[in-house]
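Here is a short briefing to read with the structure open beside you. Take a moment to turn the model around first, and then follow the topics below.

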Amino acid sequence: MKPQAKPLSSIHAALDWRYAVREFSPEKLSTQAVETLIDAARKSASSYGLQPYKMILVESDAVRRDLLPHSFGQEKVLDSSHLVVFAADTAIDDQTVDRYVEQYLKVRGGSYEDIAGYASHIKQSLASKSPAGKREWAHQQAYIALGTLLTAAAVLQIDSCPMTGFDRQAYDQVLGLTERGLESSSIVALGHRSARDHSAGLAKVRFDYEDVVIRM
Ligand SMILES: Cc1cc2nc3c(=O)[nH]c(=O)nc-3n(C[C@H](O)[C@H](O)[C@H](O)COP(=O)(O)O)c2cc1C
């Protein structure tokens, strides 16, 4: 059995090893490996640090079976070891900032007055966005967390497949996200690649360094 949560020796080795898995093996990840990974994604960067999203670890096979018909035929929603749903906050308002400020003071100490000016600046910045702009902003933050999770998974040698090929509204309904003030953003299947997954041996298709990097 493959060792779990064993870091590869370099970031390039990890990223070259990673690919979007098409077929998972039935082998389960350990709870510890999954928790380590989710906790790594929790440390993702976000705009103003506001973290306007949740990660939903779907452990129930019954729920995953209910999600499958809304997953555009992507069996890995059920066949992978674990499924994570990234969901963006739907209400982006002063409370988004107040919640962060409360946590900030809990973690760093100090008084509200120290951070009041910054909090007011963030509130103004958010208030200036349209409803669609706020929604987009929240999903952007959730996507950064998705990226963090994918990179962390690669380092931990946990296989993954990010997906947006699913019916968001149906997912929201099955998972009861609307009542929680959330809407689904992306999903990630986690586990170990199947030996039958031919995608594992394919060369990575990426634009050349010179085509991607602009120097000024
Ligand atoms: C936001 C996002 C959505 C994706 N949606 C799907 C998906 O629904 N199904 C799937 O099999 N792969 C999906 N992928 C995987 C991409 O197809 C894959 O990352 C890309 O082809 C590059 O290949 P590689 O990751 O194997 O290097 C998605 C990737 C991202 C970042």
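How many helices and strands are there in the protein? There are nine helices and four strands, and please keep in mind that this is a predicted model. Read along the sequence, these elements follow the pattern α-α-β-α-α-β-α-α-α-β-α-β-α.

**Overall picture**

- The C-alpha trace of the protein spans about 60 × 45 × 35 Å along its principal axes.
- The protein has 216 residues, and 29% of them count as buried.
- If you look at contacts between residues at least 6 apart in sequence, 84% of them join residues at least 24 apart.

**Two domains**

- The domain assignment gives domain 1 as 11–90 + 131–212 and domain 2 as 93–128.
- Taken over C-alpha atoms, the centres of domain 1 and domain 2 are 29 Å apart.
- Six residues from domain 1 and five residues from domain 2 take part in the contact.
- On the domain 1 side, the residues that touch domain 2 are three nonpolar, one polar and two charged.

- Four strands make up an open sheet with antiparallel pairing, and their order is 1-2-4-3.
- Strand 1 (53–58) and strand 3 are the edge strands, each pairing on one side only.
- On average, neighbouring strands of this sheet are turned by 25° against each other, direction ignored.
- Strand 1 and strand 2 run antiparallel and are joined by six bridges; to find this pairing on screen, look for K54, whose bridge partner in strand 2 is A87.
- Strand 2 (residues 82–89) pairs with strand 4 over eight bridges, again in the antiparallel sense, and here H82 stands opposite L190 in strand 4.
- Strand 3 (residues 159–163) is joined to strand 4 by five bridges, and the two run antiparallel; M163 has I187 of strand 4 as its bridge partner.
- Is strand 4 mostly covered or mostly uncovered? Strand 4 (residues 182–191) is mostly covered, with ten of its ten residues buried.

**Helices across the sheet**

- Helix 7 (residues 131–155) lies across strand 1, strand 2, strand 3 and strand 4, and runs at about 10° to strand 4.
- Helix 8 (residues 168–175) lies across strand 1, strand 2 and strand 4, running at about 85° to strand 4.

**Around the ligand**

- Which residues surround the ligand? They are Y19, A20, Q74, C161, P162, M163, T164, G165, S186 and K204.
- Strand 3 supplies the largest share of this shell, with three residues.
- By class, the shell holds five nonpolar, four polar and one charged residues.

**A residue toward the end of the chain**

- Y209 is found in helix 9 (residues 209–212).
- Why does Y209 count as exposed? Y209 is exposed because it has 7 other C-beta atoms within 10 Å, and the cut-off for an exposed residue is 12 or fewer.
- Y209 and A138 are 71 residues apart along the chain, and their C-alpha atoms are separated by 30 Å.

Conventions
Residues numbered from 1 in each chain as written. Predicted model: local features only at pLDDT ≥ 70, side-chain atom pairs only at ≥ 80, totals over all residues. Domains from an automatic or database assignment. Contact = placed C-beta atoms within 7 Å. Nonpolar A, V, L, I, M, F, W, Y, C, P; charged D, E, K, R; others polar. Buried ≥ 20, exposed ≤ 12 C-beta atoms within 10 Å, placed from the backbone. Pairing = 2+ DSSP bridges. Near = placed C-beta within 6 Å. Axes fitted to C-alpha atoms, helices over the stretch in contact; angles between N-to-C directions.
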